[in-house]
Structure formats: C-alpha cells, structure tokens
Amino acid sequence: MQIAVILPAAGVGKRFGAAELGRSKIETDLAGRAMLLRAIEPRRSRADVCRIILAVNPDTIDEFKFRHGDQLGLLGVTLVAGGRAERWETVMLALDAVGPEATHIAVHDAARPLTSRKLVDRVFEAARKLDAVIPGQPVSATLKRTAMADEVDLNADDPAAAILGADHAAPRARRVTQTVDRTDVVEVQTPQVFEVNLLRSAYARLRDGTLSADGITDDAGLIEALGKPVYVVEGEPTNLKITRPEDMPLAEAIVQSATKDDKALLARKRLFGDDDED
C-alpha cells in the first residue's frame, strides 16, 4: 500500500481572523511550531506514504512558497494551488499531483495539527482491507435541530439596543423543531483514506457534472453519494480542528501534555533500559 496524503489548506480562515493576522491559519504558531508542520509530522518517514501534497490559496501561493518553500521541500512536501471557493475544488486540484505509484489517497485537514501517530496507524491499517475508511468519535452531547425561519429577535422591543449597540444587544434565539437521536451518530474527523481509483472516480463525476457536491462537506460524503460503503474506525477526542482563535489555548494544552508524557516515557526507557534489545 502506497498512500498519497493531501492536505487541503486553501481556505481564507475568516472565523480564525487570518486576514487581520496577515498570514494563513495553518501558519499560526502552536507551541513553538507552525500548525501546518504539526499536521505533516505524523505522516513523515512512513514507508507507506509515497507523497505529501499541500494545497494552498492560489492567490497567496507565491508568498507562501517564499516563506515555507525551502522547509517544505526538505520535508518532501509538494506545494500546489488549491481552489478559490469550495474545499472539494482544492482536493480535486491536488489529485492532479498524485503519482501513478499511489494505491490510496488520504485527505487530512491541515487545520488538524494534533492527530497522533496511533490514530494514523489505525486508519491506515484499516485501509489495507477497506476501500473507504474515516475516523469518528461518538457524539455525547444532546443534539437539537432548530428553525432559522423561526429566529426571534429579542432586541425588537428594546429601544436601548439600538442606542447602545452590540454590547447591550440581547441574544438571538431559534425555536427547537426536533431533538436528534444520537444513537450510532459519530463526529467525523480526518485523515480519511480511500482506494485511489474510487476517489478518482468520485471526482471525475464531479468534473463532468454527473455528481453534485451540494450538501457534501467531506470526501467520504462523495463516496456515499456514489453508493459505495464507508467505514468508521475510532477517532480521538484530541484530534481537534482549529477553527477559531478560542481553540488555540486548548490545542496548546494538549501539545504540552503530550510533550510531557513523551518526556516521561523517554526517561523511563533510559532508567529501566526498556529500549535495550534482548
């Protein structure tokens, strides 16, 4: 099995405030290393990874290459221009950089920098026997569907809200229409791994217009739209997707905890000789 890893990272990061920071979200420092480097790390130096492809915003690719091109080159990462509108466009463009040696393709959010090597091992191992594998976590929170059409403006009868602005404004509220049964519901993560011809066929259908991307938010959704089975393996609660600045303190804490555990394990090996050969 030879896996080409695609990291789509062409989004502008509106919710993260990337424009105000003057850099893309994945360039943000996370505990001393750029987010994108942490996303790449669990896939480096694996015998079953034949290529790593990072697809970035086409409007800023030259600036990105100037800042990170040398380092990405040393890591063996191929940098390509992604799409301007939808995530699936970015993946489709990145597929053109996948060589004939690849038997499988893994798509991983570049904004998930905390994926452990154990999770990568778990997904990749399942992909040896299954054509479409994704990690997922059981949903523990109560889920409710709401009606946007029934949104209530609680400021409507409050004259002070118009005068004092957002600081005084009351929250907006929507009516609950349904409590969603969470039995067997999982929150999907990445990396998602697919047999190469299966994923290529899905994107070929998108190109020729015989498959619509409407309502599809990940690559597994495309495979489902083809009527092909997708299988879920256990994900990780720490495999966070960084979306907003508020996500960073938790991500920092997870990195620091993992680093502390790694140091403790190394110290134990040195003390007791656990890494000595018999």
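## Salt bridges, a helix and a patch

User: Before we start, what kind of model is this?
Analyst: Good thing to ask first. What you see here is a predicted model.

User: Which residues of helix 4 are buried?
Analyst: Helix 4 runs over residues 87–95. To count as buried, a residue needs under 20% relative accessible area. In this helix, the buried ones are T90, V91, M92, A94 and L95.

User: And what do the buried residues of helix 4 pack against?
Analyst: They have both strands and helices as partners. The strands are strand 1 (3–9), strand 4 (49–56), strand 5 (77–81) and strand 6 (104–107). The helices on the list are helix 7 (196–208) and helix 8 (219–225).

User: How many salt bridges does the structure hold?
Analyst: Let's list a few of them. E101 pairs with R51, R112 with D109, and R128 with E125.

User: Are E101 and R51 buried or partly exposed?
Analyst: Check the relative accessible area of each one. E101 has 34%, and R51 has 29%. Buried would need under 20% and exposed over 50%, so E101 and R51 are both partly exposed.

User: What about R112 and D109: buried or exposed?
Analyst: These two form a salt bridge, with their closest N and O atoms 3.0 Å apart. They also belong to a salt-bridge network that includes R87 and D219. As for R112 and D109 themselves, the word is buried.

User: What is the N to O distance between R128 and E125?
Analyst: Both residues count as partly exposed: R128 has 47% relative accessibility and E125 has 48%. Their side chains meet in a salt bridge, and the N to O distance is 3.4 Å.

User: Which residues make the nonpolar surface patch of about 190 Å²?
Analyst: Start with V186, which is found in strand 10 (residues 186–188). At 33% relative accessibility, V186 is partly exposed. The patch is made by V186, V188 and V232.

Methods. Residues numbered from 1 in each chain as written. Predicted model: local features only at pLDDT ≥ 70, side-chain atom pairs only at ≥ 80, totals over all residues. Heavy atoms only, no water. Buried < 20%, exposed > 50% of the residue type's maximum accessible area, 1.4 Å probe, protein only. Helix = DSSP H or I, 4+ residues; strand = E, 2+ residues; numbered from the N terminus. Contact = heavy atoms within 4.5 Å. Salt bridge = Lys/Arg side-chain N within 4 Å of Asp/Glu carboxyl O. Patch = residues over 30% accessible without salt bridge, like charges linked within 9 Å, V, L, I, M, F, W, Y side chains within 5 Å. Areas by Shrake-Rupley, 256 points an atom, 1.4 Å probe, with all protein chains shown as cover.
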